[in-house]
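Please read it alongside the structure.

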Amino acid sequence: MRNRKNKNMKHPYRNWIVILIIAFIVTAVGIFLIKALSGGIVKSAKKMPFSVRDSFTYTDDGVMYISGGTLCFLDFANAGKNNFTKALTMTNFKLAGSPSVKVIYNETSMQIVGANYPVEFSGIVLDVKCGDGTVAVLKRENQLDAILVFNDMGEQTDRFDFTDVSLISFGFYTSVAGQRLYTTTLDTDASLPLTTITTYDVERKATSGIMTVQSQLVSNIGFTEKSIFVTGTENLIRFREQTGTESYRQKVYGYEFYDASYKGKRPLFLFNQGNELNAVRLISLDEADIANEFITTVQLPDDVINVFLSNGWMYAVTPNSLLKYSASGEFLGEYAFSGTISMAYKLSNGYILVDDGASTTLLVLE
């Protein structure tokens, strides 16, 4: 009887071709999955010449920081074209800035970078905020607070005094009609908490809106061109920016405001309970008369260091990696750190600083 040969033995090289093709496909799929998990998270990572423990401030176009006795500026917006260094003559200073104005100040004086002379103050300077070519200085004198407004050459253009209320916060934002200065005050003489948010048209020097929140304390205020979002102990409230009228309230009782992002498809808010970050709540809302809210709770790793919102996404930092989540809480991917991270700090939408104890790295997010 003849032995029947295996048909595949006639062309043994075909088996190897098939095996190689399968191996190639498996490898390609593996690489794709790795890229799917790690890609779309970090555009670039660059070590910084300063530490998160140093004195620094983000100015929306870069970072001002102190190195020895020198003021330094790192320009992010224009690829370093506007970097500068300046010798410091002021002591016990603080920093403030915007893309158009950079400021060094202490309790008695303020130096605007580029201005000919410093501005001297009576009383004590408590805080400084910078807008578009404008600086607002909060000072206290004879136990009364006042905000003094200056142009970028150090010339005073306006003043606001606060006599019967406590000033809680102030700053600048941009509306569809231009630059606005806002103040938040608390009436401590009322039987129940009464917070008033007042907005001013900087150019016209006129009040543009007044909003009040009663019976709850306000912990955060956020702005878009169309909306003013106020977070209280009971509700997250949307006001229409142009009219100052309320459009809706979203209940947030039992949770504390942690972060917000106004750059995505919809405004996104992050809340936590106490100091816990292992379970956080995401709330996304419409900028309309109806909230159309989407609320979800996201479970995070036990070793999470910090959590941020950026451009409509959520990022969680652990010692070994940066985790990315969608606005609905879906896990999207992971970026592995080369070292072990001990601190993480959000500069703004798109920028995060991480520190491993030896150096600080800027992560530019996708």
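## Salt bridges

Asp61 and Lys102 form a salt bridge through their side chains, at 3.4 Å from N to O. Asp61 sits in the loop between β2 (56-58) and β3 (62-67), and Lys102 in strand β7 (residues 102-105), so the pair ties together parts that are 41 residues apart in sequence. Both Asp61 and Lys102 are buried. Buried means under 20% relative accessible area, exposed means over 50%, and partly exposed lies in between (1.4 Å probe, protein chains only). The structure holds 13 salt bridges. Each one is a side-chain nitrogen of Lys or Arg within 4 Å of a carboxyl oxygen of Asp or Glu.

Arg240 and Asp289 also meet in a salt bridge, with N to O at 2.9 Å. Arg240 belongs to strand β20 (residues 235-240), while Asp289 lies in the loop between β24 (276-284) and β25 (294-299), so this pair links parts that are 49 residues apart in sequence. Arg240 is partly exposed, at 25% relative accessibility. Asp127 bridges to Lys129, and their closest N and O atoms are 3.7 Å apart. Asp127 is partly exposed, with a relative accessible area of 23%. Lys129 is partly exposed too, at 31%.

## Model and conventions

This is a predicted model: local features need pLDDT of at least 70, side-chain atom pairs count only at pLDDT 80 or more, and totals for chains, interfaces and linings use all residues. Residues are numbered from 1 along each chain as its sequence is written, and side-chain values use heavy atoms, with hydrogens and water left out.

## Strand β32

How many of the six residues of strand β32 are buried? Six of the six residues (360-365) are, so β32 is largely enclosed by the rest of the structure. Both faces are covered. Thr360, Leu362 and Val364 are buried on one side, and Thr361, Leu363 and Leu365 on the other. Strands here are DSSP runs (E, at least two residues), numbered from the N terminus, as are helices (H or I, at least four).

Strand β1 (residues 42-47) runs antiparallel to β32 and is joined to β32 by five bridges. Lys46 stands opposite Leu362 there. Strand β31 (residues 351-355) also pairs with β32 in the antiparallel sense, over five bridges. Two strands pair if DSSP finds at least two bridges between them. In this second pairing, Ile352 stands opposite Leu363. The hairpin of β31 and β32 has four residues between its strands, and Gly357 takes a positive phi near 95°.

## A four-stranded sheet

Four strands form an open sheet with antiparallel pairing, in the order β2-β3-β4-β5. β2 and β5 (84-87) stand at the edges with a single partner strand each, so one side of each has no neighbour in the sheet. The twist averages 15° from one strand to the next. For such angles, axes are lines fitted to C-alpha atoms (for helices, over the stretch in contact), and values run from 0 to 180 degrees between N-to-C directions.

β2 and β3 pair in the antiparallel sense over three bridges. Thr57 has Met64 in β3 as its bridge partner.

## Cysteines

How many disulfides does the count give? A disulfide is a pair of cysteine sulfur atoms within 2.5 Å. By this rule the count is zero. Cys72 is buried, at 7% relative accessibility. Cys130 is buried as well, with a relative accessible area of 14%.
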